[in-house]
Amino acid sequence: TSGFMDGTMYRSGQQYSFPNILSKQFAVVGGGAFTQPSYIDDANDLGGLLVMGKQTYATRLILNMSTSSPENLKGTPTIEASNLQAKAYNNMGVPGAKSFHVLASGYGNIENLATGKANPYYVRHATSPNATILSDAMALDPTFFTNWIGSNDVLAYAMSGGVGKSQEGNLDPSTYGANDITDLQVFTSTYRTIVNTLTSKGAKGIVATIPSVTSIPYFTTVPYNPLTPELLGGSTVIDQLNTQLLGPVKQILTAAGQGNRLQLFSTSNANPILIVDETLTDMSGIITQALIANGIPTQTAGALGQVFGKARHATSNDLLVLGASSVIGKPSTMPAPFDKLGVTFPLEDKYVLIPSEQQLIKEATENFNDAIWAAARSKRLAVADMNAILKYLTGGIRLSDGQWYTADYFKGTVNMNKVLFSLDGVHPNPRGNAFIANEIVKVINESFKANLPMIVPGNYPG
């Protein structure tokens, strides 16, 4: 909603927020000026963010065309959170905000930044230190609104690789961690309050559902088995890894009925990465003792036990986060033979969503969406079912401009024109925001018997 893309807020990116694109369609039928928080201080269009002169957020991601990979734009941000605008805007989207943050007094208080109780993006434009996002929105007496809050209530957990936890049963969101999943009662009550307030003066509007994480390239780009024989170093290296490392440990695990945790590396097929699975029974003691019994020095046996105690090879049921691509195969902090992340040393939990974590995310997403639908029905609001719409994109969709679009991540010139997500793999690029705005226009036209002109996504930057 705010126009966040490529991992940050930046001046030129903000103009392509989907509400701003919508406002241009509204202008055709008499809509007024649409205001957004000012980013005029982003002098070099770098994005990123400073808080009291200290860099808090990285600059925007751009493409290194020689490597076809993303990297942060070089330079120092000039956007300063402490340059207070103290103004309400038509676009009240705040990057990173969860549902309950919309109602939180002090979320825009610069003094609360040190304790994590404030958001630097909202600090920049909150009308007062104790204002709320919702009170600032209502100060403009809206006649029509879009509300796509709620994704961060579950997405933060997913993006952390499941490092947070579900807060089901905890009705005090002030005690939640940044990566936790919001309690359903808290979400339902908060969402209903937001909708009731937005409609309290007769405003009409559209709410949007929360997309499944499997619709977002952040979780679908890195394969579970990226280790080709060439990347592993060829057949000689693979034979050594199998006979001196994986083979002995797998033999012990097999005797204990856990042999399916590991598989020997193939010299002809792509191989899975090694991951930590915190749901597994810790086999470190069994591995260590068995290796000592087989003549392996105690220190080496202990190291093997620690490394493989809760390790397994990934399967097609696991989802790797986008950031895993930058660490797989890189040096670990351990000496040889445990010196390659994801190969001989398991990737940390933060890089992988295992099935139990995915199930938690799925249940939360479905429950939150049920709450959104119920709130919408109670106020006869239109619903843009972004969960369903983005699921269509996973298989590809051809739009009115004749182009075939997908929910894939950028892969070079082969799909450059088809990609609707920015380089952070989570937020849409300008063309993606145009696609979203177009879907909302369809709902507006159908629900309100309107005739807003459609948007051509292909006319926007990819």
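Reply: Axes are lines fitted to C-alpha atoms, for helices over the stretch in contact, and angles run from 0 to 180 degrees between N-to-C directions. Helices (H or I, at least four residues) and strands (E, at least two) are DSSP runs, numbered from the N terminus. This is a predicted model, in which local features need pLDDT of at least 70, side-chain atom pairs count only at pLDDT 80 or more, and totals for chains, interfaces and linings use all residues. Residues are numbered from 1 along each chain as its sequence is written, and side-chain values use heavy atoms, without hydrogens and water.

Me: What makes α6 roughly parallel to α11?
Reply: Helix α6 (residues 184-198) packs against helix α11 (residues 355-378) at an angle of about 30°, and their axes are 10 Å apart. Angles under 35 degrees count as roughly parallel, and therefore α6 is roughly parallel to α11.

Me: Which residues of α6 make the contact with α11?
Reply: On α6 they are L184, F187, T188, Y191, R192 and V195, where contact means heavy atoms within 4.5 Å. The α11 side includes F368, A371 and I372.

Me: What share of the protein chain counts as buried?
Reply: Of its 462 residues, 51% are buried, that is, under 20% relative accessible area with a 1.4 Å probe, protein chains only. The protein chain has 13 helices and 13 strands.

Note on methods: Angles under 35 degrees count as roughly parallel, over 145 as roughly antiparallel, 65 to 115 as roughly perpendicular and the rest as oblique. Buried means under 20% relative accessible area, exposed over 50%, partly exposed in between (1.4 Å probe, protein chains only).
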